[in-house]
Amino acid sequence: MGTVRTQVGIIGAGPAGLVLSHLLHLQGIESVVLESHAREYIEKRVRAGVLEQGTVDLLVASGVGGRLLRESLVHRGLEIRFDRRGHRIALADLTGGRTITVYGQQEVVKDLVAARLAAGGQVLFDAPAVEVQQLLSDRPTIIYEQRGERHVLECDVVAGCDGFHGVSRNALPPGALTIYERDYPFVWLGILAATPPSSEELNYAHSEHGFALHSMRSPSISRLYLQISRDDDLSQWPDERVWEELQLRLGNDDGWVLHPGPVLEKGATDLRSFVAEPMRFGRLFLAGDAAHIVPPTGAKGMNLAISDARLLASALAEWYRSGSEELLDAYSPACLRRVWRAEHFASWMTTLLHLHPDDDAFGRGLQRSHLAYVCSSQAAQMSLAENYVGLGAV
Ligand code: APR
Ligand code: PHB
């Protein structure tokens, strides 16, 4: 059992852990990132794909935005489809020019891993953390496994960036966290397809058959989602059925046609709202999905994870520089203000756009009125737009 020492021990090489390690390095702070999966796996896993302007600005300013700027797609609007009609939300015009950027999460991960390794950073793959200990001391430790052996990583601080199913949040004693949670009675079936996007912008569709979303990854790759029942099995959704259902839900009276193509990947994503408070316990700081989950309808998950990492990196830099704990103490409340705004927005978008199987006729009437309002009122569209592109200070 070998012992390794570092300043910040980071569990998880997702956007939160990698951005944190990268920003700490720029401030001269050393870290070790432990990742339970192989490099190839995390670089291929298809996840979210929409970056807020502030996220793009951070990646570019910190020197990892080169490929992002060359290959991503910048969007100035999106479309909401309701009653078989499209309604464009002019995101940029409504928010003083702010845009969103379509770039897959695994591409962000690839760029960050490459930057860390090129700078001599330590990212250990196939190295799951199994336990975190001594969190209330000034020498917290992480026990991890690599090639069948147990190792100890001694740190000043542990960053739990290990996603919803990681070990760090669950290592806390009972009662240390307050959990807020809501489940939804449907899931998203997502496909990645080798076909050019059928629209230039994202289309969020409400239909009597359920919600559907048209998105993309590049000029030749589309990303599409369908609301399906939580009880459905993916075997009930062969490719032809998926394409038919997408056309049915996304189709409009202007004759919009979806262009099917070979399905490269198919998977199901749970929808969940979840917040664990506070995001700190002694020398353990939680960041990203380890502390909070939003349903994907508002495209906020990756942006929140990166925002947490940015705040944690500045707080740690201040602490190492001056010994002041002020920013570390402010970390959890500062993150949670933004998290709760995103929780509200994501839950609002989810409620607005999905078919709710348990809704009564009154609920359906409210939803139709809500959709009609969002599709016709500039004030409502401005509110949607400023939340979608990302609020600066909340
Ligand atoms: N030890 C080491 N690594 C672990 C462990 C563990 N015990 N448990 C989980 N991990 C790793 C996972 O394999 C994953 O690569 O932690 C990483 C967490 O990354 P993400 O799940 O991407 O979480 P985060 O960085 O917070 O980013 C949130 O991911 O799920 C999406 O929609 C979500 O876009 C959001 C983003
Ligand atoms: C995606 O492209 O994967 C995507 C886009 C918008 C969302 C969710 C996912 O709201």
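E265 is partly exposed, with a relative accessible area of 29%, where buried means under 20%, exposed over 50% and partly exposed in between (1.4 Å probe, protein chains only). This residue forms a salt bridge with R223, the closest N and O atoms being 3.7 Å apart, a salt bridge being a side-chain nitrogen of Lys or Arg within 4 Å of a carboxyl oxygen of Asp or Glu. E265 lies in strand β18 and R223 in strand β17 (residues 221-229), so the pair ties together parts that are 42 residues apart in sequence. R223, at 5% relative accessibility, counts as buried.

The model is predicted, so local features need pLDDT of at least 70 and side-chain atom pairs count only at pLDDT 80 or more, while totals for chains, interfaces and linings use all residues. Residues are numbered from 1 along each chain as its sequence is written, chains are lettered from A and ligands numbered from 1 in the order in which they are written, and side-chain values use heavy atoms, with hydrogens and water left out.

The count of salt bridges comes to 24. One of them joins the side chains of R5 and E154 at 3.8 Å, N to O; because R5 lies in strand β1 (residues 2-5) and E154 in strand β12 (residues 149-154), the pair ties together parts that are 149 residues apart in sequence. Strands here are DSSP runs (E, at least two residues) and helices likewise (H or I, at least four), numbered from the N terminus. Another salt bridge, at 3.9 Å from N to O, is that of D183 and R272, which links strand β14 (residues 178-193) to strand β18 (residues 263-277) across 89 residues.

| Residue | Relative accessible area | Class |
|---|---|---|
| R5 | 36% | partly exposed |
| E154 | 27% | partly exposed |
| D183 | 47% | partly exposed |
| R272 | 19% | buried |

Ligand 1 is surrounded by 27 residues, the closest being E35, R47, Q105, A129 and D289, where a residue counts as near if one of its heavy atoms lies within 4 Å. A polar side-chain atom of D289 lies 2.8 Å from an oxygen atom of the ligand, and a polar backbone atom of A129 is 2.9 Å from a ligand nitrogen atom. The helix α8 (301-322) is among the elements that supply at least two residues of this shell, and α8 gives the most, with three residues.

Key: Polar contact = N/O pair within 3.5 Å; in protein donor to acceptor, adjacent residues only side chain to side chain.
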